[in-house]
Amino acid sequence: MLGIIIINYNTYEKTVDCINSIKNTYDGDYRIYLLDNASPNKSGEILREKYNDDSSIEVICSNDNLGYARGNNLCIRKAVDEGCDYALISNNDIVYKPHAIDKMLYEIKNEEAFLVGPKVMLPNGNVQKTIKTKAPSFIEYFIYETYIRNLFKNSYKAYNVIPDSATDVYWIAGCTFLVDLKLFKTIDYFDDYTFLYFEEYILSEKAKKCDLRIRYCPDAEVLHYHGFSMGGALNIFTRSANWRSEIYFLRKYWHWNKFMCWVIWKIRVLEVAFNARKEADCRKLLDQYKEGKKYLKTSI
């Protein structure tokens, strides 16, 4: 059986669209574990009432916002306990195209992979960059994973090439992917420390250490309405969460020294300062700067 894990925060309309797309495009045996992460707009109550009579959906309302990692782990363990063999981890702002789930299931079974991700399309018709074929070096990360990439547009395009056919990759974005639950259990699921962001990097490192394969399956296509649940990439809260997770990952999993982390942190500060002109509340910007500095100093 396939367990489908969806976390909702405030945007219950998107969650309904996501679930409808699953029901309309996948006929296999599945159970949806729908977690409302303590939405302040009563999303949990609305979803519980809507799906009260649907035996294929279990709505779980958390009293606290568990974030991405802990929220998914809660639902994944329920799926394992109820006999699911695979789990589809999905953002609630994903809409599945016909046969996308079937194609990912075929890929993971046929290739005996740990994790499979689809081609992710944006509403404007562009393909979202959701894979990395290899782990970046410090220089590659410094140049291509920060705003400095705008100074190296030609080489960034070459670095950012997305394969046209199914292949093994290092990293798959966390907006949606399929996992083998038996293999997932061997690496102890998601790292509970992160609240938002860098969960995919951590999974990639855990998988690499255990020689588990991560596959990209472009024949499976989904549509991603990016950033709806957390208010977009420039949101103060999401920036702070990203800072915290990034430094944690770089220190614990890539074992970067404090100087290397300091360089990346300084770049993030400049990125925030550049975007500050778009934000009215400069006090929040200062608070975020202090928050990032605190995380940089945290010993891992």
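Reader: Which residues form one aromatic cluster in this structure?

Author: In this predicted model, one aromatic cluster is formed by Phe-138, Tyr-141, Phe-142, Trp-171, Tyr-193, Phe-198, Tyr-201, Tyr-248, Phe-249, Tyr-253, Trp-254 and Trp-256.

Reader: How many aromatic pairs does the count come to, and why is the pair of Phe-138 and Trp-256 edge-to-face?

Author: Two rings pair if their centres lie within 6.5 Å, and planes over 60 degrees apart count as edge-to-face. The count comes to 24 aromatic pairs. For Phe-138 and Trp-256, the centres are 5.1 Å apart and the planes stand at 75 degrees, so this pair is edge-to-face. Its partners come from distant parts of the chain, 118 residues apart: Phe-138 belongs to helix 5, whereas Trp-256 is in the loop between helix 9 and helix 10.

Reader: Is Trp-256 buried or exposed, and how does Phe-138 count?

Author: Buried means under 20% relative accessible area. Trp-256, at 8%, is therefore buried, while Phe-138 has 24% relative accessibility and counts as partly exposed.

Reader: What are the angle and the class of the pair Trp-171 and Tyr-201?

Author: Their planes are at 40 degrees and their centres 5.6 Å apart, so the pair is tilted. Trp-171 is part of strand 9 and Tyr-201 of helix 8, so the contact ties together parts 30 residues apart in sequence. Both residues, Trp-171 and Tyr-201, are buried.

Reader: Which charged end sits over the ring of Tyr-193?

Author: That of Arg-244, which is 4.3 Å from the ring centre; Tyr-193 is also one of the cluster residues. Elsewhere, Lys-14 lies over the face of Tyr-225, 4.0 Å from the centre of that ring.

Note on methods. Residues numbered from 1 in each chain as written. Predicted model: local features only at pLDDT ≥ 70, side-chain atom pairs only at ≥ 80, totals over all residues. Heavy atoms only, no water. Phe/Tyr/Trp six-rings, centres within 6.5 Å; stacked < 30°, edge-to-face > 60°. Helix = DSSP H or I, 4+ residues; strand = E, 2+ residues; numbered from the N terminus. Buried < 20%, exposed > 50% of the residue type's maximum accessible area, 1.4 Å probe, protein only. Lys NZ or Arg CZ within 6 Å of the ring centre and 35° of its normal.
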